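User: I'm new to this one and would like to know what the labels on it rest on. Can you take me through it?

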Amino acid sequence: MARFIDRLGPQGMRLALELVINCVLPLLIYDRVAPGSGDVVALMASSVPPMLWAIVEFIRRRQLDAVSVMVLAGIALSLLAMIGSGSARFLQLRENLVTALIGLVFLGSVVIRRPVIYYLARAGIARSSPAEAAEFEALRDQPYFRRAMTVMTLTWGVGLLLSTAVACVLVFSVSIHDYLIVQPVVGYGTMGLLVLWTLAYRRTLQKRVDRPLYDNGRPD
């Protein structure tokens, strides 16, 4: 067991802990609370660990940037999802509003020509290297760079909305117990695919940018 933990490393341990808190604990809490208190109370109780995890992560970061604002917005929307009455299904739908609204923010930022991916990437780079952040900002007016930020933002926005649509279909297609098993797979699967696509797209873009020949100041 100790050897397995060593192989995971810090990032692997953090991912494993996140999966336990956001996937395993909600299911266990729901199954335990639902028989005595009903589905609505059980769903509310099952959402406590993920919400606390988000709050702890925000406090740990101790920075108010674009990423932190999105985390806070997710916490606020999750709390709002618990307010008011309604069936368990309706509560599940309201919880999916978090992902849907974030997806709409991505698409809306493209409409106003302020692709949110740029601000998220800049925030991440600034935390690790202010010098690299300055170089990143210097690219913002380059046509190919703006196009890349727009494409990535559109892809993430559409991906998040599709994930929400699938989750909403699951709400009415499977039991709550099964939903708590399948929905994290859909959510984490979508995020994983989006991250892999982003890395591949970034590598492709970097190869084009590094080419010596340009046409009218733009990559071929």
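Predicted model: local features only at pLDDT ≥ 70, side-chain atom pairs only at ≥ 80, totals over all residues.

User: Why is Leu 28 called exposed?

Analyst: Its relative accessible area is 52%, and exposed means over 50%, so Leu 28 gets that label. As for where it sits, Leu 28 is part of helix α1, which covers residues 2-37.

User: What makes Cys 23 buried?

Analyst: The cut-off for buried is under 20%. Cys 23 has a relative accessible area of 17%, so it counts as buried.

User: And why is Cys 168 called partly exposed?

Analyst: Cys 168 comes in at 24%.

User: Which residues touch the most other members of the largest nonpolar core?

Analyst: Out of 15 residues, those are Phe 106, Ile 117, Tyr 118, Phe 136, Phe 145, Met 149 and Trp 156. Two or more residues each come from α7 (116-128), α9 (143-173) and α10 (176-209), and α9 gives the largest share, with 7.

User: What does Met 149 touch?

Analyst: Leaving out residues up to four places away in sequence, Met 149 touches Pro 115, Ile 117, Tyr 118 and Phe 136. There's also a second, separate core of 14 residues, with Leu 43, Ala 88, Val 171 and Tyr 179 among them.

Technical notes:
Residues numbered from 1 in each chain as written. Heavy atoms only, no water. Helix = DSSP H or I, 4+ residues; strand = E, 2+ residues; numbered from the N terminus. Buried < 20%, exposed > 50% of the residue type's maximum accessible area, 1.4 Å probe, protein only. Core = buried A, V, L, I, M, F, W, Y, C linked by side-chain atoms within 4.5 Å. Contact = heavy atoms within 4.5 Å.
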